[in-house]
Amino acid sequence: MTVTNTSADALPITVRNVTKTYGRVHALDNVSLDVKSGEFLTLLGPSGSGKTTLLMVLAGFTRPDQGSLKFGDAEMIRQPPHLRDVGMVFQNYALFPHMTVEGNVGYPLRLRRVPKPEIAARVEKALATVQLSGYGERRIDQLSGGQKQRVALARSIVFEPRILLMDEPLSALDKKLRDRMQIELRQLHEKLGMTTVYVTHDQREALTMSDRIAVVNFGRIMQLATPQQLYDQPENKFVADFIGDSTFLDVQRDGDTCLVGGTPLKTTRPVPPGDSLSLMMRPERIHLIEGAPAPDDNVFEATVSDLVYQGESFLLYAHIRNGPEVAVRGAIRGDTYGRLPKPGATVRLGLHAADAVIIADGGL
Ligand code: ADP
Ligand code: MG
């Protein structure tokens, strides 16, 4: 008997044209999605965007109005949850408070009528996997939040599901513990290799943990890509705005040239089709120009409005002439902070051609 899965047991998930409405609300609007075998995929979006609904469709607790869902080659839409071989972790743990840790973790095995001695061994192994060896006899109300979440996790993996679903599992934990659990969950995924769909509204958590991220808004997938692709080359303004900080400047198209404030823009990035375009400016990609600008720099004249000390870095806010206020983030080393321009000063901001990302409007 083994408790540890291998990637060979993992299954791909295929979602096709899934729609779910509640009255006039389109909780899911014609969603199609492929999760690769063994992949860690995150659904990221604001509250009410349809993340939980999609996860419930995968788990079998919600029946969509239309669409299809396959695990491997098997159609799942009509399968009840207990026949789907899916482990599930909920935000509020959903543990049985009157049972011991062992009682909770062994529950899925008792449901499946696994023989008693085998249950004990598998529970112990699952507890070891989440670093709770020896906690079997404890009552749930004797545990901290982080320990409860580990028990919920052990319960979700004890029956060796081929697919693991997690709905904001860390949101009740404080920040330090959350940061540590993100790394632990990621390591556990590498060890067990289950196809995992993870839900969060926290973009940093999604960037930290995921192989790929599906950004969800109004029941639709706005972009599905790796963390780096999402951050560096968002396909629409919603994604650009939701992930990381950004300011947008209007872009006018003049044939093949893009103009910002009447000046031709230097960019090495692809320019999307259409006339309604914006230049995305991320705080850490803008620099203060002293002396002559580099040949590949786009230069913006601006007036400093605020300077904020943040320990490891500074945030400088500046109004671009005839444009919006942008934020500039930079590292602080030695006495650099003291030499930064103060509010009221005129500065030149540089944006390298490789960092000049142009986004098609719409999607917000
Ligand atoms: P998220 O998990 O991204 O916060 P949900 O999937 O829970 O979003 O909800 C998506 C939308 O569907 C929301 O507008 C929500 O109010 C609505 N919704 C979800 N479940 C129900 C339900 N059982 N009855 C009515 N409306 C629902
Ligand atoms: Mg939710």
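Which residues does arginine 178 touch, not counting residues up to four places away in sequence? The list is Leu170, Leu173, Asp202 and Glu205, where a touch, or contact, means heavy atoms within 4.5 Å. Arginine 178 itself sits in helix α5 (residues 175-192); helices (H or I, at least four residues) and strands (E, at least two) are DSSP runs, numbered from the N terminus.

A quick word on the ground rules. This is a predicted model, in which local features need pLDDT of at least 70 and side-chain atom pairs count only at pLDDT 80 or more, while totals for chains, interfaces and linings use all residues. Residues are numbered from 1 along each chain as its sequence is written, chains are lettered from A and ligands numbered from 1 in the order in which they are written, and side-chain values use heavy atoms, with hydrogens and water left out.

Now for the overall layout. The protein splits into domain 1 (13-237) and domain 2 (245-360), with bounds that come from an automatic or database domain assignment. Taken over C-alpha atoms, the centres of domain 1 and domain 2 are 39 Å apart. Eight residues from domain 1 and twelve residues from domain 2 take part in the contact. About 840 Å² is buried between the two domains, with carbon and sulfur atoms giving 44% of that; buried area is the accessible area (1.4 Å probe) that two parts lose on being put together, summed over both. On the domain 1 side, Tyr231, Gln233 and Lys237 supply 64% of the area buried against domain 2, more than any other three residues.

The rule finds one salt bridge across this interface, a salt bridge being a side-chain nitrogen of Lys or Arg within 4 Å of a carboxyl oxygen of Asp or Glu. Arginine 285 forms a salt bridge with aspartate 232, their closest N and O atoms being 3.4 Å apart.

Over in the strands, five of them make an open sheet, in the order β13-β12-β11-β14-β20, with antiparallel pairing; two strands pair if DSSP finds at least two bridges between them. β13 (263-264) and β20 (357-360) are at the edges with a single partner strand each, so one side of each has no neighbour in the sheet. Strand β11 (residues 247-254) is joined to strand β14 (residues 277-281) by five bridges, and valine 251 stands opposite leucine 277 in β14.

Finally, asparagine 298 lies in strand β16 (residues 297-309). The side chain of asparagine 298 reaches the backbone nitrogen of lysine 266 at 2.7 Å.

Note on methods. A polar contact is a pair of N or O atoms within 3.5 Å; within protein, one must be able to donate a hydrogen and the other to accept it, and residues adjacent in sequence count only if both atoms are side-chain atoms.
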